[in-house]
Amino acid sequence: MTASIPSTVLVTGATDGLGRGLAEDLARRGLTVLLHGRDDERGKAALDEIRQATGNEALWWYRADLADLAQVRDLADRVAADHPRLDVLVNNAGIGADVPGGGVRQESADGHELRFAVNFLAGHLLAHRLLGPLRAAGASSAHGPARIVMVASAGQAALDFDDLMLRRDYSGWRAYCQSKLAQILDAFDLADELDPAVVTATALHPATFMPTKIVPSPVSTIAEGVEATARLAVDPELAGVTGRYFDGLQETEPEPQALDPLARRRLRAIADELTRP
């Protein structure tokens, strides 16, 4: 029997860009959409705009700054309390190579390199802390397995495990690309760990240089990125697909380090340690 469309989806970074477009797309499909962002005013405005545009009242707003792991834990706990069954987590929120801060190395509230913290560690923690609601949803055959989708990038750089925080020879582009590859390793590691009949994990490069606040010269459209991301999140034909990386609509190979199980396990151990309360 073909799985039906998942019903409850959390989209991080949903107040603008790809996340905002994806949230509206999912709301138009009649799903319960949980929007996350770090600014209450913008979040509530996005909620109202999507409600008016789609007629969907099943919208929730959650505020958290992903540069602070305590707030990420609180976000996960609030979502789990409100939604003991979560069909899809889309880890979309992220920061670019030089926005914010220009080319200067920055650190998160927890003292970690900022891009590594926001783009990777926050999503890692959120995914693992929400495994209970995801497993609860995935155990139902109505929607097929629950899904974790990492919105990564074609911009990837192998992780330097001797200098993950890039204290030597820092560059914003290197920090961004390393954090995005870490997301792909994380998706593959989750796929190795989880029963694919209950929860799947995939990653994608949604589109090239979409017109968002972190892209100075757009090439693709938000609509292209929304299409590719929504496909992994809710397309019944992809129910059960796990441990894969997509460039837009096409499955492809990421940077080779993502295929190294030793690198995945090493990153997992580091991430678990850095995100421990």
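Start with helix H1 and helix H2: H1 passes H2 in a right-handed crossing. (A crossing is right-handed if the near helix is turned clockwise from the far one by less than a right angle, and left-handed if anticlockwise.) This is a predicted model, where local features need pLDDT of at least 70, side-chain atom pairs count only at pLDDT 80 or more, and totals for chains, interfaces and linings use all residues. Residues are numbered from 1 along each chain as its sequence is written, and side-chain values use heavy atoms, without hydrogens and water.

Select residues 17–28 for H1; its axis comes within 10 Å of that of H2 and crosses it at roughly 35 degrees. (Axes are lines fitted to C-alpha atoms, for helices over the stretch in contact; angles run from 0 to 180 degrees between N-to-C directions. Helices, H or I of at least four residues, and strands, E of at least two, are DSSP runs numbered from the N terminus.)

Now show side chains. Arg20, Ala23, Glu24, Ala27 and Arg28 in H1 meet Ala46, Glu49, Ile50, Ala53 and Thr54 in H2. (Contact means heavy atoms within 4.5 Å.)

Next, the sheet. Eight strands form an open, mixed sheet, ordered E3-E2-E1-E4-E5-E6-E7-E8. Its edge strands are E3 (59–63) and E8 (250–252). (Two strands pair if DSSP finds at least two bridges between them.)

Select 199–205 and 244–247: strands E6 and E7 pair in the parallel sense over four bridges. Here Ala203 stands opposite Tyr245 in E7.

Finish with helix H2 (40–54), which packs on the sheet and touches E2 (32–37) and E3. The direction of H2 makes about 170 degrees with that of E3.
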